[in-house]
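Here's a quick briefing on the model below. Have it open in your viewer and follow along.

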Amino acid sequence: MTSPSPSLSLPVGTPASLALFEAETAAVRRAAERVCRAAGGGLDDPETTAAAREGWEELPVRLRAAVRAFRRNSGECGVTLVTGLPVDEALLPPTPTADGSVRREATVPAATLLMTAAGGLGDPAAYAPEKSGALVQDVVPVPGKEDFEGNAGSTLLSFHVENAFHVHRPDFVMLLCLRADHDGAAGLRTGSIRQALPVLSERTREALFRPEFSTQPPPSFGTAAGTTPPRPVLTGDPEDPDLRVDFSATTAVTPEARRALVELEAAVDAASHTVRLTPGDLAIVDNRVTTHGRTAFRPRYDGGDRWLLRTFAVADLRRSRDYRPGDGHVLSH
Ligand SMILES: O=C(O)CCC(=O)C(=O)O
Ligand SMILES: [Fe+2]
């Protein structure tokens, strides 16, 4: 694989991370509060995204530099961690328990996500059938959904590219921790094709480039979207390909493709990293090259459960124009 240019190099082997200093945390909070004041109405209004785009310019230079560098080159792991973002756990309401719950009002953490999406990574985006098209979504365990293959569950969530079935899958997935789980057991897992590729056999690489894999929409998307026609799991540069797979939703249509998928899952797992997010930690996953999943944990449904906020970003919003009525940020299907 060609190595990244020296000016963009990231630590080899483990995900890059940036720990904000206290003064930087305070600066992010001030910028986010300004976005909240400008937001007036709702979090999903175009005015709020516009205020977030401007607010980005007020963020600490180290944060902006790290996000922009990650956008250009997400490194071997395809994930980065920013710690020390402004989250006051003590002031939070109880963790929601409703299925599909989302944020509709501007808060400091939500505005922080929108600034990063709109100013740093490209643009925020959401999908109308999923979580009612909200730009900032809750990732919380939902009673009765413990075994669900989605973010409402609490059993092991297998590695997936977010919305792998979709022609316009998000380019980046942002997960900001508001509250950790009681036992500190829940781990966000990531596994990139950049680290998995070197251990794959030549035969498997070739098989993954063949259009022999179809992917179902995730349960969160509802049933309207159908399974994709057979497509490749790997596309682009054979030495640094893009990845499109969801190990609970992608099926191989030939025995050779099935064998390759099993080998890929083992390689992604072997190359994976686990991070136990704590309040104020933001993980940004490059969804073009890196899968994510989550270890199991035990929710109590007592208001103190794990709570992440999730926002998707796309590098080039224009590409999905025909999916977005009114040139907004929500794809209609
Ligand atoms: O709970 C997590 O850490 C990740 C859940 C997930 O895959 C998602 O929200 O997209
Ligand atoms: Fe996910």
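Leaving aside neighbours within four places in sequence, which residues is Arg306 in contact with? In this predicted model, the contacts of Arg306 are Thr95, Val139, Val140, Pro141, Arg179, Ala180, Asp181, Ala186, Arg294 and Phe297.

**Annotated binding site**
- The UniProt annotation "binding site", from an unreviewed entry, covers Thr204, Arg306 and Arg310.

**A look at Arg306 and Thr204**
- Arg306 sits in the loop between strand E15 (290-294) and strand E16 (307-314).
- With a relative accessible area of 6%, Arg306 counts as buried.
- Thr204 belongs to helix H6 (residues 202-208), and it's buried too, at a relative accessible area of 0%.
- Skipping neighbours within four places in sequence, Thr204 is in contact with Arg259, Ala260 and Glu263.

**Nonpolar cores**
- The largest nonpolar core has 41 residues, and Leu63, Leu85, Leu282 and Ile284 have the most contacts inside it.
- Elements giving two or more residues to this core include helix H1 (22-39), helix H3 (61-72) and strand E14 (282-286).
- Helix H4 gives the most to this core, with eight residues.
- Not counting residues up to four places away in sequence, Ile284 touches, among others, Val67, Phe70, Leu121, Phe172 and Met174.
- Apart from this core lies another, of 23 residues, with Phe159, Leu197, Leu208 and Phe213 among them.

Methods
Residues numbered from 1 in each chain as written. Chains lettered and ligands numbered in written order. Predicted model: local features only at pLDDT ≥ 70, side-chain atom pairs only at ≥ 80, totals over all residues. Heavy atoms only, no water. UniProt positions renumbered as here; feature names shortened; annotations may be inferred. Helix = DSSP H or I, 4+ residues; strand = E, 2+ residues; numbered from the N terminus. Buried < 20%, exposed > 50% of the residue type's maximum accessible area, 1.4 Å probe, protein only. Contact = heavy atoms within 4.5 Å. Core = buried A, V, L, I, M, F, W, Y, C linked by side-chain atoms within 4.5 Å.
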